[in-house]
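Trainee: I am new to this structure and would like to walk through it. Can we look at it together?

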Amino acid sequence: MGFLKSVSDKMSKMKSGFTDKIHEESKKDEPVDNDYLEFVEELLIEADFGVRVTQRIMEEIDADIDASKIKTRRDVEQKIREIALDILEKVEKPLEIRKKPFVILTVGINGSGKTTTIGKLASINSDKGKRVMLVAADTFRAAAIEQLEIWAERADVSIVKQKENADPAAVAFDGVQSAVIKGMDVVFVDTAGRLHTQKNLMNEIVKVKKSIEKAYSKEPDEVLLVLDATIGQNAINQAREFNKMLNVTGIALTKMDGTAKGGIILAISEEFGIPIRYIGIGEQIEDLKVFNAKDFVESVFVP
Ligand SMILES: Nc1nc2c(ncn2[C@@H]2O[C@H](COP(=O)(O)OP(=O)(O)OP(=O)(O)O)[C@@H](O)[C@H]2O)c(=O)[nH]1
Ligand SMILES: [Mg+2]
C-alpha cells in the first residue's frame with residue numbers, strides 16, 4: 001500500500017479529531033471572526049500542536065487577515081496546512097545507511113516502541129539484502145532479550161546477547177565489535193526504557209554510547225530517539241533531556257495511529273528541528289514509514 005493511503009487510514013483518529021472538524025467549518029459560508037479564531041486555536045491545542053506552533057499559526061492567520069490574504073474559513077484551513085508543511089519539510093531528512101557498519105543506538109522511555117521499531121527496521125533492511133545485526137543491550141529483563149530474539153528470527157538477522165542483568169555497555173561494546181569483525185552493514189543497539197528524569201539510568205545510557213564509541217572508534221552513526229506520540233506534550237521534555245545527554249540525531253515517532261493528538265509531530269519539529277526519520281502507525285512491519293513531509297500533510301491534513 002502507498003504511503004498516502006495507509007497513513008491516511010491509520011491516522012483516522014487525528015483526522016476525526018482535527019482535520020475533519022476544521023474541514024466541516026471551512027465549508028460553511030460564515031465569517032472568520034474572533035469566535036471562529038478561538039475555536040481554531042482550541043482545536044490546535046487539543047490536537048497537541050503545542051503552544052509555540054499554535055501561537056505561530058494564529059499570528060500568521062492574523063497577519064494574513066490584516067493583509068486581506070485570508071478571507072474565508074477555507075483560507076484558514078489552507079494556511080494551517082501550509083504552516084504544517086513548512087515546519088515538517090525542515091525535519092524531513094531520511095536516514096541514509098551508507099557506510100558499514102552503520103551503527104544505530106535506540107533510546108527512549110519504557111514502552112515507547114524501541115524494540116518494535118528495531119524489529120521492523122531489521123526486516124526492512126534485511127529484505128533489501130543488507131547484513132543486519134541486533135544487539136540486546138536491554139539486559140534489564142530476560143523478556144526484553146527474548147523479544148529481540150523473536151524479531152531477529154522473523155527478519156532472519158544476527159543477534160548478539162548476554163545474560164539478563166549483564167552490563168549494557170559491555171553488551172553494546174561486544175555487539176559493535178563483532179559487527180565490525182563480521183562486516184555487518186547495519187547494527188541496531190536496543191536499550192532498556194528509561195525516564196529522562198532517572199539520573200542513574202540516563203548516566204548509564206551515556207556509558208552505552210561511549211562504549212560503542214570505543215568499539216568502533218567513532219560515535220554511533222545515529223542516536224535514534226523513539227518517542228510515543230500518544231503521551232502528548234511530555235514528549236517535548238523527553239526529547240529535550242535525551243538530546244541534552246546524548247545528542248539525538250534522529251527521531252522515530254511511534255503510535256501515531258493511536259492518537260487524536262498527532263499535532264505533537266509539529267510541536268517537536270518546531271521546538272528542536274531534529275530530523276524525523278520514521279513514523280510508526282501500527283504494530284506490523286509495514287506500519288513503519290520513512291517520514292515524508294508532503295505525503296504526511298496530504299494524508300493527515302487533507303480530509
Ligand atoms: N499501535 C502501535 N503500537 C506500537 C507502535 N510501535 C510500537 N507499538 C507497540 O507498543 C508496545 C511497546 O513496544 P516495544 O517495542 O516493546 O517498546 P520498547 O520501547 O522497546 O519498550 P521497553 O523495552 O519496555 O522500554 C508494543 O505492544 C508494540 O507493539 C506503533 O507505531 N503503533
Ligand atoms: Mg524494548
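Trainee: Which residues have the most contacts inside the largest nonpolar core?

Mentor: First, a caution: this is a predicted model, where local features need pLDDT of at least 70, side-chain atom pairs count only at pLDDT 80 or more, and totals for chains, interfaces and linings use all residues. Residues are numbered from 1 along each chain as its sequence is written, while chains are lettered from A and ligands numbered from 1 in the order in which they are written. A nonpolar core is a set of buried Ala, Val, Leu, Ile, Met, Phe, Trp, Tyr and Cys residues joined through C-beta atoms within 7 Å. The largest one has 87 residues, and those with the most contacts inside it are L134, V135 and V187.

Trainee: What does V187 touch, leaving out residues up to four places away in sequence?

Mentor: Two residues are in contact if their C-beta atoms, placed from the backbone, lie within 7 Å. By that test V187 touches P101, V103, I104, M133, V135, G175, V176 and A179.

Trainee: What share of the 303 residues is buried?

Mentor: Count the other C-beta atoms, placed from the backbone, within 10 Å of a residue's own: 20 or more is buried, 12 or fewer is exposed, and in between is partly exposed. For the 303 residues of the protein, the buried share is 46%.

Trainee: How many helices and strands are there?

Mentor: Both are DSSP runs numbered from the N terminus: helices are H or I with at least four residues, strands are E with at least two. The protein has 12 helices and 8 strands.

Trainee: Why is the protein called as compact as a globular protein of that length?

Mentor: The radius of gyration is taken over C-alpha atoms, and the globule rule is 2.2 Å times the number of residues to the power 0.38. For 303 residues the rule gives 19 Å; the protein is close to that, so it counts as that compact, with a radius of gyration of 21 Å.

Trainee: Is β6 enclosed or open, and which of its residues point which way?

Mentor: Strand β6 has 5 of its 5 residues buried, so it is largely enclosed by the rest of the structure. Its buried residues split by direction: G250, A252 and T254 point one way, and the other way point I251 and L253.

Trainee: In what sense do β6 and β7 pair, and which residue of β7 is the bridge partner of A252?

Mentor: Two strands pair if DSSP finds at least two bridges between them. Strand β6 (residues 250-254) pairs with β7 in the parallel sense over 3 bridges. Strand β5 (residues 222-228) also runs parallel to β6, joined by 5 bridges. Within β7, A252 has as its bridge partner Y278.

Trainee: Is A172 buried or exposed, and what is it in contact with?

Mentor: A172 is found in helix α8 (residues 168-182). It has 32 C-beta neighbours inside 10 Å, so A172 counts as buried. Its C-alpha atom is separated by 6.5 Å from that of V208, 36 residues apart along the chain. Leaving aside neighbours within four places in sequence, its contacts are V135, A137, V189, V208, S211 and I212.

Trainee: Which peptide bond is cis, with omega near -10 degrees?

Mentor: Most residues other than glycine have a negative phi, and most peptide bonds are trans. P101 lies in the loop between α5 (73-89) and β1 (102-107). The cis bond runs from K100 to P101.

Trainee: What is the phi of S68?

Mentor: S68 lies in the loop between α4 (50-66) and α5. S68 is exposed, with 7 other C-beta atoms within 10 Å. Its phi is positive, in a residue other than glycine, at near 60 degrees.

Trainee: Which residues come nearest to ligand 1?

Mentor: A residue is near a molecule if its C-beta atom, placed from the backbone, lies within 6 Å of it. Helix α6 (residues 114-127) gives the largest share of the shell, 3 residues. Of the 22 residues around ligand 1, those that come nearest are G113, T115, T116, G193 and G280.
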